[in-house]
Amino acid sequence: MIKIIDYKAGNAPSVLNAVNRLGYCAELARREEELHGASHIILPGVGSAGATMRSLRDMALIEALEHLVLNEKTLFLGICVGLQILLEYSEEENTRCLGWIKGRVVRFDESKVRVPQMGWNEVCLSESPINPTMRDYFYFVNSYYALPEDMCDIWGVADYGEEFAAAVRKDNIFAAQFHVEKSGEAGLNLLGRFLSC
Amino acid sequence: MLTKRLIACFDIIDGMVTKAVQFQDNILVAPAEEMAGAMYDAQIDELIFYDITASAQKRPIDIETVKKVARRVFIPFTVGGGIKTLGDMYEALKAGAEKISVDSMAVRNPGIITEGAKAFGSQCVVLSVQAKYTGLTHSGYEVYIDGARLATGMDAVEWFKRGQELGAGEICVNSIDRDGTLSGYDLKLMKLAERAVSIPVIASGGAGAPEHLSELFSETQAQAAIISSMLYSPRIERNYTVRELKAYLADKNIAVRPWKDNNSGKNPTI
């Protein structure tokens, strides 16, 4: 079963709509036991890294997620802030994050670009088990972006004043800074590739 | 590279899309989710819905319509009208909206911008400003509220800046003078806005032809444009498709998300 983590600042219902549109069923998960039997776990993201980490802690989900994703290798998709909290640290409210991917999250330079980045940007995704090398336009809303330490963890890049990591990937962990659930047919296509894996 | 956005904006009354000219004489066009679906299929970049009678009728925003739209479209959409409290914002976001637009209510209670930004993030809060050239304020542009009927005496440019300070993530600048006139955006107003703030600016009011869009994007740093009448107003002589507008802008070297033939079933690859 596909599980979508439903926390207060997230937009789990929008992700559920997109999953349903692709013909899959999914359940929203708010408690540890609701993650049992997950084939795919999606962590949507809206809001700040700090608030998201607090929500996950308050819901006592971190240990269960680490067990399922890091030990059991359950397929995982993080979206937007759901990508950012995978790194070790975010500048946003000085937040210590999950650290599944080495590196940190920093703010776009306001002297160069309008912050937040808001709109459709072209992403170049490198080949992965779910996709060939491809370019397409996806919808972004972010003031912060990931700086993975290991270049091998970068799955996709886009340009906003400078090149930045638009998607990261490591083993069974996939994550997009853009909103796959709100990126039209391109987003649905990528989500479909993840779900069919 | 981040592209310029084309946004379709719908005024909703009882779940039906309407189109107003200078905020008067609403005419019904179609159910909101149908219109939203058609615009999604046409590859519009974003949608905005204003529940325009919610405030006057003292009721919250029409959540059922928001939910219906969210099940049909997979692009960002903003909702406004009848949003008074954090609870109203939360309900609209949970129903599937990405952003909440605040307008008259934010003039009366600016603190709601900050509260919304703190609770859900700045990116969720769009400050919508109705501005009219009256020559009575510092910039000459004055903020109006309540469906552009009531002058506030506030300077529009000062309000844009204050909105950003309070935590808005985007400013939608509506020119009352140009609304429904199809004579082009108020470029002077849009320039004042984008220079006053560092957050994205959406230009609204006046679009009637493709060249109005290319003027806007080449002469100002506005990041998005509302193009409602051009797309669907039955009152306009010639409607344009999103595909035509995107092709026109691309030809003028303006970065847009290209229209794509989704029926081919293939994604572009390198």
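Analyst: Happy to! A handy term to begin with: a residue is buried if 20 or more other C-beta atoms lie within 10 Å of its own, exposed if 12 or fewer, and partly exposed in between, with C-beta atoms placed from the backbone. This is a predicted model, where local features need pLDDT of at least 70, side-chain atom pairs count only at pLDDT 80 or more, and totals for chains, interfaces and linings use all residues. Residues are numbered from 1 along each chain as its sequence is written, while chains are lettered from A and ligands numbered from 1 in the order in which they are written.

User: Switching over: which strands does β7(B) pair with?

Analyst: Pairing here takes at least two bridges found by DSSP between two strands. Strand β6 (residues 99–102) of chain B runs parallel to β7(B), joined by three bridges, and S101(B) has V126(B) as its bridge partner. With β10 (residues 170–175) of chain B, β7(B) pairs in the parallel sense over six bridges; there S128(B) stands opposite C172(B). Strand β8 (residues 141–145) of chain B is antiparallel to β7(B), with four bridges, and Y133(B) faces Y141(B) as its opposite residue.

User: Why is β7(B) largely enclosed?

Analyst: β7(B) covers residues 125–133, and eight of its nine residues are buried, so the rest of the structure largely encloses this strand.

User: What about helix α10 of chain B, which residues are buried?

Analyst: In α10(B), residues 242–251, they are V242(B), L245(B), K246(B) and L249(B). These cover an arc of only 100° around the axis, which puts them on the same side of α10(B). The arc is that of the directions from the helix axis to the C-beta atoms.

User: Last one: how many residues of chain A are in contact with chain B?

Analyst: 38 residues of chain A are in contact with 32 residues of chain B, contact being C-beta atoms, placed from the backbone, within 7 Å.

Notes
Helices (H or I, at least four residues) and strands (E, at least two) are DSSP runs, numbered from the N terminus. Two residues are in contact if their C-beta atoms, placed from the backbone, lie within 7 Å.
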